[in-house]
Amino acid sequence: MNKSLLSLALVAALSGCSLIPEYQRPDAPVPADWPQGEAYSKASPEARAQALGWREFFRDPALQQLIEVALENNRDLRVAALNVDAYRALYRVQRADVLPAVSADAAGTRSRTPGDLNMSGEPAISSQYSATFGVSWELDLFGRLRSLRDQALEQYFASEAAQRSTQISLIASVANAWLTLQADQALLQVTRDTLKTYEESLGLTQRSFDVGVASALELRQARSAVDSARVSIEQYTRLVAQDRNALTLLLGQSLPAGLPSGEGLERTQLATLPVGLPSDLLQQRPDILQAEYQLRAINASIGAARAAFFPRISLTGAAGSASSELSGLFDGGSGYWSFSPSISVPIFNAGQLRANLDYAQISKNIQVAQYEKAIQTAFREVADGLAAQATYTRQVQAQRDLLQTSEDYYNLAERRYRTGVDSYLTVLDAQRQLFSVQQQLISDRLAQLTSEVNLFKALGGGWQETMQATPEG
């Protein structure tokens with residue numbers, strides 16, 4: 001036992017303080033502002049993040065219904081809630097060790113002794129009955145039990161934050177799955193419409209071929225376009241079915257009957273996100289809160305490791321009544337009591353206590369690095385979301401302009417082909433370009449919306465409606 005630990009022990013014994021190191025939150029290893037540049041919108045310097053619940057962000061009634069079902073039935077979220085209950089119970093177990101343990105016991109014995117074991121040579125029957133009220137208590141002079149209690153409390157808070165993080169991930173996953181389903185349904189419908197156009201062109205080309213106007217090559221090109229569209233229809237039909245299966249897994253049940261069709265990929269179904277400063281993430285991201293609670297828990301474990309170097313004092317007492325007859329158990333003169341204080345002082349343990357303390361301190365350094373990594377990861381996710389927010393807006397608009405141009409190109413090419421000015425190859429090229437641009441626009445709109453959902457998740461939104469439980473329950 002070195003002098004520094006002895007000094008800490010004397011201070012703790014005199015002041016009643018624990019040996020837990022004073023907790024100081026590590027500095028956030030990220031810039032004070034979000035990145036700037038062409039990929040980012042200009043943010044107001046007075047911007048502050050606001051609590052945004054999922055009901056306010058997702059405006060689509062169908063999506064709101066799906067999220068409600070998932071929050072009620074998803075098995076991962078159910079496991080996370082049960083983990084919170086388990087850590088609450090562990091905290092209550094650890095908290096009970098700080099207080100005295102009181103017990104009441106009653107016992108009775110009746111035995112027969114053979115004659116060859118008695119002085120009288122005659123067999124004898126003896127009886128003994130007792131009723132005891134006992135108290136045992138470890139005096140926590142150096143805060144070992146309180147440190148373990150605080151560690152369990154912080155672990156409980158960490159599990160609660162993990163539950164909120166699971167909830168955010170679930171909400172985002174349901175939203176993305178719903179948007180993906182709608183996107184694949186839109187792609188399937190576009191492909192069906194395109195197939196109808198291809199079939200009409202094939203019929204026209206076939207008639208032209210029959211009268212000797214169109215060539216065999218043009219006829220084969222028309223049939224190739226029809227076959228290609230049929231392949232795409234089967235692909236998107238499969239994707240729609242798989243999207244429904246993925247959504248069913250997230251919901252924990254089948255899709256609700258009578259579910260509204262949804263608002264498609266309209267941008268208006270999502271609210272505007274209030275983005276604040278990077279420091280706001282420390283209060284809004286459950287995964288960062290979880291990492292900090294885990295850091296606090298390990299910090300408390302250092303106090304327990306320090307206290308293990310010093311004596312453990314226990315007080316045990318009992319009082320009751322004993323008698324050889326059950327009827328005389330509470331007669332006068334049958335009472336007894338005992339008081340047994342004990343002290344255990346570690347002398348030699350081959351460096352085990354020092355190793356435990358070193359392990360606790362190293363674990364704290366590891367957790368500090370993990371806490372800082374959680375902040376850096378959150379900063380990167382939000383920065384990526386902000387870059388996507390600005391660039392996808394311009395990209396989708398450019399894709400819409402390209403769609404309009406492609407439609408004009410197709411209409412012009414078809415008229416020129418019908419009048420015999422251009423070959424069918426020009427029409428086929430216009431059709432394929434229009435189909436490709438339509439597909440790309442749907443994909444870009446889906447990417448835009450999912451990036452908004454991911455930014456909502458990165459900002460820590462979606463769990464504000466869940467009330468924080470107390471470990472006393």
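Two strands pair if DSSP finds at least two bridges between them. Helices (H or I, at least four residues) and strands (E, at least two) are DSSP runs, numbered from the N terminus. What you have on screen is a predicted model, where local features need pLDDT of at least 70 and side-chain atom pairs count only at pLDDT 80 or more, while totals for chains, interfaces and linings use all residues. Residues are numbered from 1 along each chain as its sequence is written, and side-chain values use heavy atoms, with hydrogens and water left out.

**Stop one: the strands**

Select strand β3, residues 312-323, together with strand β4, residues 335-339: they run antiparallel and five bridges join them.

How many bridges join β2 to β3? Eleven, and these two strands also run antiparallel. Click Val 135 and you can look across to its partner in β3, Gly 317.

Finish with strand β5, residues 342-344, which pairs with β3 in the antiparallel sense over three bridges. Here Ile 313 has Ile 343 of β5 as its bridge partner.

**Stop two: helices crossing**

Select helix α3 (residues 61-73) and helix α6 (residues 216-251). Their axes come within 7 Å and cross at roughly 50 degrees; axes are lines fitted to C-alpha atoms, for helices over the stretch in contact, and angles run from 0 to 180 degrees between N-to-C directions. Angles under 35 degrees count as roughly parallel, over 145 as roughly antiparallel, 65 to 115 as roughly perpendicular and the rest as oblique, so α3 and α6 are oblique to each other. Show the side chains of Leu 66, Val 69, Ala 70 and Asn 73 on α3, and Leu 247, Leu 250 and Leu 251 on α6: these make the contact (heavy atoms within 4.5 Å). By class, six of the contact residues are nonpolar, one is polar and none is charged. For these classes, Ala, Val, Leu, Ile, Met, Phe, Trp, Tyr, Cys and Pro count as nonpolar, Asp, Glu, Lys and Arg as charged, and the others, Gly among them, as polar.

Next, pick α5 and α10, whose axes come within 9 Å and cross at roughly 170 degrees. That angle makes α5 roughly antiparallel to α10. Their contact has 17 nonpolar, 13 polar and two charged residues.

**Stop three: a pocket**

A pocket is an open set of points on a 1 Å grid over the protein atoms alone, with protein on both sides within 12 Å along at least five of seven lines; lining residues have an atom within 4 Å of a point. Select Arg 285, Glu 381, Asn 454, Lys 457 and Ala 458, the closest to the centre among the 16 residues that line the second largest pocket. Which helix gives the most to this lining? It is α10, with five residues. The lining as a whole divides into five nonpolar, six polar and five charged residues.

Definitions and conventions:
1 Å grid on protein atoms, 1.4 Å probe; cavity = no way out; pocket = protein on both sides within 12 Å on 5 of 7 lines; lining within 4 Å.
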